[in-house]
Amino acid sequence: QVQLVESGGGLVQAGGSLRLSCAVSGLAVGYYTMGWFRQAPGKEREFVASLNWSGGRTYYADSVKGRFTISRDNAKNTVYLQMNTLKPEDTAVYYCATARKTPTDFDSWGQGTQVTVFS
């Protein structure tokens, strides 16, 4: 059974940084596409970043490009999202996900971690 557990969220002032972690069990993160998504109050869940299983290619939403970095530690079976220069509009619940069947079909999700950025 695949399990994803996010941590690292919290309250941070605008301009600050946070690093989210996603500890994974039940599959090896190095062999699957991993992603981060977020959902703000009253809004739909949106894509933030992903890391391709093949070659480690990364993709980012335009709103976070240049500020966020997705990475993985295969030895720890953990995926990270380094978030710098945070803005109030980054406030959301952040979810880790994996695409097990196809590279774009994210079908297994964590419970989420809250990130709140205040100005």
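This is a predicted model: local features need pLDDT of at least 70, side-chain atom pairs count only at pLDDT 80 or more; totals for chains, interfaces and linings use all residues.
Student: How many salt bridges turn up in the whole structure?

Tutor: A search of the whole structure finds five, and among them is the pair R67 and D90, whose side chains meet with an N to O distance of 2.8 Å.

Student: Where do R67 and D90 sit along the chain?

Tutor: R67 lies in the loop between β6 (58–60) and β7 (68–73), while D90 lies in the loop between β8 (78–83) and β9 (92–99), so the pair ties together parts that are 23 residues apart in sequence.

Student: Buried or exposed, those two?

Tutor: Both R67 and D90 are buried, and they also belong to a network of salt bridges that links them with R38 and E46.

Student: What about D62, which residue does its side chain meet?

Tutor: The side chain of D62 meets that of K65 in a salt bridge, at 3.1 Å from N to O, and here D62 is exposed, with a relative accessible area of 68%.

Student: And R100, what is its partner?

Tutor: R100 forms a salt bridge with D107, with the closest N and O atoms 3.4 Å apart. R100 counts as partly exposed because its relative accessible area is 39%, which falls between the 20% and 50% limits, and D107 is likewise partly exposed, at 26%.

Student: Changing topic, which cysteines form a disulfide?

Tutor: The count comes to one disulfide, formed by C22 and C96 with their sulfur atoms 2.2 Å apart. This pair links distant parts of the chain, since C22 is in strand β3 (residues 18–25) and C96 is in strand β9, 74 residues apart.

Student: Left-handed or right-handed, and why?

Tutor: The torsion about the S-S bond of C22 and C96 is about -80°, so the disulfide is left-handed; both cysteines are buried.

Student: Now the largest nonpolar core: which residues touch the most other members?

Tutor: That core has 29 residues, and those touching the most other members are W36, V48, F68, I70, L81, M83 and Y94. The elements giving two or more residues to the core are β3, β4 (33–39), β5 (46–51), β7, β8, β9 and β11 (113–118), and the largest share, four residues, comes from β3.

Student: Take L81, then: what is it in contact with, leaving aside neighbours within four places in sequence?

Tutor: With those neighbours left aside, L81 is in contact with L18, R19, L20, W36, V48, A49, F68, T69, I70 and Y94.

Key: Residues are numbered from 1 along each chain as its sequence is written. Side-chain values use heavy atoms; hydrogens and water are left out. A salt bridge is a side-chain nitrogen of Lys or Arg within 4 Å of a carboxyl oxygen of Asp or Glu. Buried means under 20% relative accessible area, exposed over 50%, partly exposed in between (1.4 Å probe, protein chains only). A disulfide is a pair of cysteine sulfur atoms within 2.5 Å. A nonpolar core is a set of buried Ala, Val, Leu, Ile, Met, Phe, Trp, Tyr and Cys residues joined through side-chain atoms within 4.5 Å. Contact means heavy atoms within 4.5 Å.
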